[in-house]
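Have the viewer open as you read along.

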Amino acid sequence: MAKPAIDIQVDEATGRWSVDALPMILVPQHFFLNNHYAVEAVLGPGKLEEVLRPAGYRSAYFWCEKEAAFHGLDGAEVFRHYLRRLSQRGWAQFEIAELSPEAGTARIVVRHSALIDPVHVRDRRKCCYMFSAWFEGALDYVTEKAARKGKAQATELYCAGEGNHDHCMFEVAPA
């Protein structure tokens, strides 16, 4: 993937970054993962997913809403833009295998997930559960704008962290 063409604004008075009028924070991957897996060690993966899900959903929905307005995007373009920007920011390489905003469904291939780190993940297991809520929030934004009611439910079908796949696969469908 080429270097992203993202205009980063820096407020000279505060030093805060923004991209497309949204505030940003740049942190090293190890910093994020050390915190993520420290909390997971205390709560367990299931509980951490439960805790993160509402915030991840809200954040994805909000981001799609703001980016759609900023760039004049609508429909499936918003979902594609969201996954492209996540890919450009180093979370993983996200590829849409299937997308139907009308049906409220999607299948997403995730390669090179930043959440699968051999330093932190020693057990072969699903590690990328945090992305589920992001996909739900983004798809719900798109489907609500298409006048489709109902909430999405994302499932990590399999994960590269389990050791027997070279990628993760997520399925999103109406709950």
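Among contacts in the protein chain between residues at least 6 apart in sequence, 57% join residues at least 24 apart. Bear in mind that the model is predicted. Of the chain's 175 residues, 41% count as buried.

The chain holds four helices and seven strands, and from the N terminus on these elements follow the order β-β-β-α-α-α-β-β-α-β-β. With a radius of gyration of 16 Å, close to the 16 Å that the globule rule gives for 175 residues, the protein chain is as compact as a globular protein of that length. Its C-alpha trace spans about 45 × 45 × 30 Å along the principal axes.

Now for helix α2, which covers residues 45–71 and has a kink of about 40° at Leu 52, shortly before the proline Pro 54. Its buried residues include Leu 48, Tyr 57, Trp 63 and Glu 67. Which elements do the buried residues of α2 pack against? The table lists them.

| Element packed against buried residues of α2 | Residues |
|---|---|
| β3 | 22–24 |
| α1 | 29–43 |
| α3 | 76–88 |
| α4 | 130–145 |

Let's look at α1 in particular. The axes of α1 and α2 come within 7 Å and cross at roughly 120°, and the crossing is right-handed. On the α1 side, His 36, Val 39, Glu 40 and Leu 43 make the contact, while α2 contributes Pro 45, Lys 47, Leu 48, Val 51 and Leu 52. By class, this contact has six nonpolar, one polar and two charged residues.

Finally, α2 is followed by Gly 72, whose phi is positive, near 65°.

Notes
Residues are numbered from 1 along each chain as its sequence is written. This is a predicted model: local features need pLDDT of at least 70, side-chain atom pairs count only at pLDDT 80 or more; totals for chains, interfaces and linings use all residues. Side-chain values use heavy atoms; hydrogens and water are left out. The bend at a residue is the angle between axes fitted to the seven residues ending there and the seven starting there. Helices (H or I, at least four residues) and strands (E, at least two) are DSSP runs, numbered from the N terminus. Buried means under 20% relative accessible area, exposed over 50%, partly exposed in between (1.4 Å probe, protein chains only). Contact means heavy atoms within 4.5 Å. Axes are lines fitted to C-alpha atoms, for helices over the stretch in contact, and angles run from 0 to 180 degrees between N-to-C directions. A crossing is left-handed if the near helix is turned anticlockwise from the far one by less than a right angle, and right-handed if clockwise. Ala, Val, Leu, Ile, Met, Phe, Trp, Tyr, Cys and Pro count as nonpolar, Asp, Glu, Lys and Arg as charged, and the others, Gly among them, as polar. The radius of gyration is taken over C-alpha atoms; the globule rule is 2.2 Å times the number of residues to the power 0.38.
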